[in-house]
Amino acid sequence: MMTVQFRSSLEGPHLRGMAIVSEPEQGLRLGTNRIGSTWTAGSSGRFLKIDSPATGEALGYLALSTRQDVSRAVQAAEGAREAMRRMGVFARAALCLKIAEEIERRGDELARLLCLEQGKPYHAEAKAEVAGAALGFRNAAEQMKWLETSAFAVADPHKRAFSFLQPKGVFAIITPWNFPLALPCLYYLGPAIATGNTVVWVPAPTTSLIAVALMECLIEAGLPDGVVNLVLGDGAEVGDEAVIHPGTHAVGFTGSSATGARIASRGAGKPLLLEMGGNGPTIVLPDADIDRAAARVGAGCFANAGQICTATERILVHQSVHDRFVEGLVKAAAAVRMGDPFDPATTMGPLNNAAGLDKMLSHMDDALARKAQVVTGGRIAAGMPTNLYFEPTVVTGLGRESLLNIEESFGPVAPVLTFETDEEALELAASSPFGLSAAVFTSTIAKAFFYTESLRVGIVNVNEKSCYWEPHIPAGGAAGTQSGLGRTGGRHTLMEMCDLKTMTIDLAQ
């Protein structure tokens, strides 16, 4: 007999309203751990029911693991570590290319599951994410071959000094639900395998079925047992154990700033690679191409339903061009199409989970209480399969104290604030504690450099949306902000996953 309960106070807020059962329903997909050479259910005896945010249909169940399951995964990763370290760079690169080929071979299946479980439209976004996942392994394979080491001049003529790279060891990797396929491959799994590390991987619960499918690709491509160990469950338990376990040597995490801060505290003493929240300002100057700026800003606000850490979260527009810009932004919102996620005409899907919707709605309520105006949108979309679809929204009349300005909303909302001077624009930009990305629209090269050098963020895109990025380009938060530590992207990620070891040889003997 199936028994159902709902999340306890120990479980993360992302599980709000999701059913936890003691016996999964037959006939649906069952996601289990991959530890060493074995697929195994978590030892808790509980399973989380996964429903599609896009269609509302039941997709399957995933095993909820315990700290003991994490310990077994760490042991498996440690057991594979020495063989992985000794595997040659070119052999690891060849393995990454085989994984990329397997992802591409199963591309349609992966895109369909991604569409259903995460919510992004199949044609507009899911297929591109599959391509990004394969690219993550291809990039890691190529970049690893060309990482340079050094020989140093030394004072003693009888000595020689060199530096070379070695893998850090067992990486605890915790990945989010907004890009659950591409991001693990681009930021963590591809680089970890290429550099010779082993992994304990904890994906976000609401998108763990796609993680299981990716794990199948790794195995089919010939990944040795124990190199990547998949542990499913609530991050508050299994993610925490992976971070604090003495057998993990480094931690990689992408997700919210609050969770990242807890990981930084719990993982103190270990190397940390953290990409955390963003609330990047987009600054539109009066000399910009206003029509193009509105179109690019709209793309930055509504891509992936606004669920991108570098999304355009707040828009600072010079007062003299405010009305014209807002008119263009409303046109961009009107061009967004919600509907059947497998319809080629659909360009935006739902929010992934109820907790995300609740947070965004609270930010909207705060804005309205402060007399902001909703120009378009502002409601849960009618006639959709679930209540997670939210209309693309433009809000004006905001002050700097609004939560839409200060916090990360992570939804399809375009908040517009105004300024009159460069100094005021920079003050507004600094009124949020995040420092991941920003965008500036201007036709003056001097202004482009002025803002790029003045903004306290890790990425500045000029005349392009704030979430534009290519996988070989370094990305990460600015020091002193709540947007993380380290850099991801191409060779930068590979370097973060290696220790630089120095060897000095005395030749006098």
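Visitor: At what angle do helix α13 (residues 422-429) and helix α14 (residues 445-454) pack, and how far apart are their axes?

Guide: This is a predicted model, in which local features need pLDDT of at least 70 and side-chain atom pairs count only at pLDDT 80 or more, while totals for chains, interfaces and linings use all residues. Residues are numbered from 1 along each chain as its sequence is written, and side-chain values use heavy atoms, with hydrogens and water left out.

Helices α13 and α14 pack at an angle of about 35°, and their axes are 11 Å apart. Here a helix is a DSSP run of H or I with at least four residues, a strand is an E run of at least two, and both are numbered from the N terminus; the axes are lines fitted to C-alpha atoms, for helices over the stretch in contact, with angles from 0 to 180 degrees between N-to-C directions. The crossing of α13 past α14 is right-handed, a word used when the near helix is turned clockwise from the far one by less than a right angle, with anticlockwise being left-handed. Asp422, Ala425 and Leu426 of α13 make the contact with Lys447, Phe450, Tyr451 and Ser454 of α14, where contact means heavy atoms within 4.5 Å. Four of these contact residues are nonpolar, one is polar and two are charged; Ala, Val, Leu, Ile, Met, Phe, Trp, Tyr, Cys and Pro count as nonpolar, Asp, Glu, Lys and Arg as charged, and the others, Gly among them, as polar.

On the α9 side the meeting residues are Ile290, Asp291, Ala293, Ala294, Val297, Gly298 and Phe302, and on the α10 side they are Arg324, Phe325, Gly328, Leu329, Ala332 and Ala333. Sorted by class, this contact has nine nonpolar, two polar and two charged residues.
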